Number of protein chains: 2
Amino acid sequence: MPEKNHKHITCQNCVSREKSLFDTFCTTDVGRLNKIKSCSYFKKNQPLFIEGSLPRGVYCLNQGKVKIFARGEEGKEQIIHLASSGEIVGFRVMFSGETYKVSATTLEESNICFISKNDFLDLVDTNPTLRKGIMQELSRELAERATFITNLAQKSVRERLASALVLLDDIYENEMVNLTREDLANFIGTATETLIRLLKDFKEENLVKTHARQIEILDRERLLYIAGA
Amino acid sequence: MPEKNHKHITCQNCVSREKSLFDTFCTTDVGRLNKIKSCSYFKKNQPLFIEGSLPRGVYCLNQGKVKIFARGEEGKEQIIHLASSGEIVGFRVMFSGETYKVSATTLEESNICFISKNDFLDLVDTNPTLRKGIMQELSRELAERATFITNLAQKSVRERLASALVLLDDIYENEMVNLTREDLANFIGTATETLIRLLKDFKEENLVKTHARQIEILDRERLLYIAGA
DNA sequence: ACCTAAACATGATTTTTATCAACTTATATG
DNA sequence: CATATAAGTTGATAAAAATCATGTTTAGGT
């Protein structure tokens, strides 16, 4: 958990960097990165950026979780991706002159570093390894979204919920899954009421246990099985 | 329409190249491209590559259309993208050492050029403009898939069908839309029977007209309106 | 031009999921 | 610590879409 308000992070000993696209940086580049980045404390439900606005740079998650979402015609959120520490958010749009096509908002209090567009593009231009990493990451996410689309089109809500809970179990590592029912519904693509009913079924089947908002995963194996079916 | 069997294409005067990622190539690079590429004739329903196999290079569509699809647990196809002339297919996976996560199959007889992985990566390494174009393209597709996900999750099948028909009207340019009902159903993410019934509704509302398999778009404006609602 | 398999179409029915309304429980803030 | 407000829950009902069965048409191969 992040400290009260602003906490300064040094790239040199940032554990989140080690699982990020900056993991292969040499000492010089890490030093450079440390100079150009700025750290900020974000409180819960604070937006990083909003669909339609112009990007100023990228966000590197040190601590915390961020939801990336689009809005449908009636303004309903569709969560496309959940980012956690080590992820760099908002770099896709750095390569075109376009506005954000999605929005990003923190799900909990977070420490997030910011790198301006110019500085980031300089890094990419001068570092072929980073460039390669970015291309790989873009490709990986494209494949991930193909699976997302297929699941949404072909799986039942029950199957998608099981699948999402396993994914969330990974994202929340040692903690319990802590999303509002609405966010969870907007992630699996269903109505909040439907989600709640299915979650109740899962509770009765001893697959999960709820502690108010928090969801404890009890039987990951069986959830995986349900997701697969 | 492509000629019977093999047709040799010269990159220098290829009109498809002009709307491709290779559009900004200088004379030297076009000559280079022309030397490294090989042309093939593909008949209808011929696979370019299959999910799980190892990529050997990229495919540049001169003439014809290709469906990119994933398969769900029960083997059902989910069409993720429809590619037409000028598109370069299969380059996402060039940057990782991974296998294809999707499959690609022609929808009609096509003329398609092939560039080997090494040759393609050389091009990318030595041409910063191409590199930038690829990154932009990857980002654009990522945004496109976010919209795809949102539509799938929030719109009714009727809305998605209207939306898909408008998109297909663009892809098929002057021709009529020519996809099997099953492919169309697998694109909008519904059962074939449901699609047929909705198409019937659209016919009765004078939005489209069918000529056996072919679909003629009569009222694009109204379809767009239905898609939006 | 024929013929056969695949594609298309329609009806009946069931299942899944959304919607609406009402009520209860948390949670954040003064 | 009270309390207002947002989040969560439940039930009844409607709507949307899938499934199954069966018949018809179309298109590709010889």
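How many salt bridges are counted between domain 1 of chain A and domain 2 of chain A? The count is one, a salt bridge being a side-chain nitrogen of Lys or Arg within 4 Å of a carboxyl oxygen of Asp or Glu, and the side chains of A:Lys67 and A:Asp183 meet in such a bridge at 3.0 Å, N to O. The model is predicted, so that local features need pLDDT of at least 70 and side-chain atom pairs count only at pLDDT 80 or more, whereas totals for chains, interfaces and linings use all residues. Residues are numbered from 1 along each chain as its sequence is written, chains are lettered from A in the order in which they are written, and side-chain values use heavy atoms, with hydrogens and water left out.

The domain assignment of chain A, with bounds from an automatic or database source, gives domain 1 (11-151) and domain 2 (155-228), and their C-alpha centres lie 26 Å apart. Contact, meaning heavy atoms within 4.5 Å, takes 15 residues from domain 1 of chain A and 15 residues from domain 2 of chain A. The area buried between these domains (accessible area, 1.4 Å probe, that two parts lose on being put together, summed over both) is about 1,300 Å², with 49% given by carbon and sulfur atoms. On the side of domain 1 of chain A, the residues that lose the most area to domain 2 of chain A are A:Lys65, A:Leu82 and A:Asn151, which together account for 42% of what that side buries.

Between chain A and chain B, 37 residues of chain A are in contact with 37 residues of chain B. The buried area is about 3,200 Å², of which carbon and sulfur atoms give 71%, and A:Met135, A:Leu142 and A:Ile149 supply 22% of the area that chain A buries against chain B, more than any other three residues. Two salt bridges are counted between chain A and chain B; B:Lys155 forms a salt bridge with A:Glu73, in which the closest N and O atoms are 3.4 Å apart. The elements giving two or more residues to the side of chain A that touches chain B are strand E4 (66-71), strand E5 (77-83) and helix H3 (128-154) of chain A, where helices (H or I, at least four residues) and strands (E, at least two) are DSSP runs numbered from the N terminus. The largest share of that side, 18 residues, comes from H3(A).
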